[in-house]
Amino acid sequence: MNQNGTTRITSLGDRLDDMTEGEMGALQALHRLLEEVKENPRGGKYDPVQFIEDIEFTLQGIWGFTRDKSFHSHWLDISGCTCPRLDNQERFGTPERITARDCPWHGGQR
Ligand SMILES: [Zn+2]
């Protein structure tokens with residue numbers, strides 16, 4: 001974790017302390033939804049890749065973070081994704097993403 005990451009975790013705890021019940025409920029509901037979509041990406045009526053991204057942005061908004069795609073991590077967890085995990089985890093916090101050409105979700109490079 002870099003210095004920026006450490007700062008974020010500290011503020012995460014502070015933020016958790018003054019979070020409202022409504023915000024907590026929203027976070028939990030969004031996380032449940034996120035798990036469902038990641039496990040069963042073909043089960044919904046929406047584009048799961050776009051949907052996961054939307055939820056990640058919303059989570060950042062509720063946490064009070066900058067809405068920054070560089071800090072998204074759930075996109076790699078979508079069932080069937082063949083993108084290199086470690087390479088992308090190392091790039092967490094940077095705008096760079098390495099996608100596998102044969103990935104059914106990210107192969108087209110959005
Ligand atoms: Zn992928």
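User: Which residue takes a positive phi just after α3?

Analyst: That's Gly 64, with a phi of about 85° just after α3. Helices here are DSSP runs of H or I, at least four residues, and strands are runs of E, at least two, numbered from the N terminus. Keep in mind that this is a predicted model: local features need pLDDT of at least 70, side-chain atom pairs count only at pLDDT 80 or more, while totals for chains, interfaces and linings use all residues. Residues are numbered from 1 along each chain as its sequence is written.

User: How many helices and strands does the protein chain have?

Analyst: Four helices and zero strands, so the order from the N terminus reads α-α-α-α.

User: What span should α3 have?

Analyst: Take 1.5 Å times one less than the number of residues. With 16 residues (48–63), α3 should span 22 Å, and its end C-alpha atoms are 22 Å apart, which agrees.

User: Which residues of α3 are buried?

Analyst: First the general idea: an α-helix has 3.6 residues a turn, so residues three or four places apart point the same way. A residue is buried if 20 or more other C-beta atoms (placed from the backbone) lie within 10 Å of its own, exposed if 12 or fewer, and partly exposed in between. In α3, Pro 48, Ile 52 and Glu 56 are buried. They cover an arc of only 80° around the axis (taken from the directions from the axis to the C-beta atoms), which puts them on the same side of α3.

User: What do the buried residues of α3 pack against?

Analyst: They pack against α2 (21–39). The face turned away from the buried side carries the exposed Gln 50 and Gly 61.

Definitions and conventions
Two residues are in contact if their C-beta atoms, placed from the backbone, lie within 7 Å.
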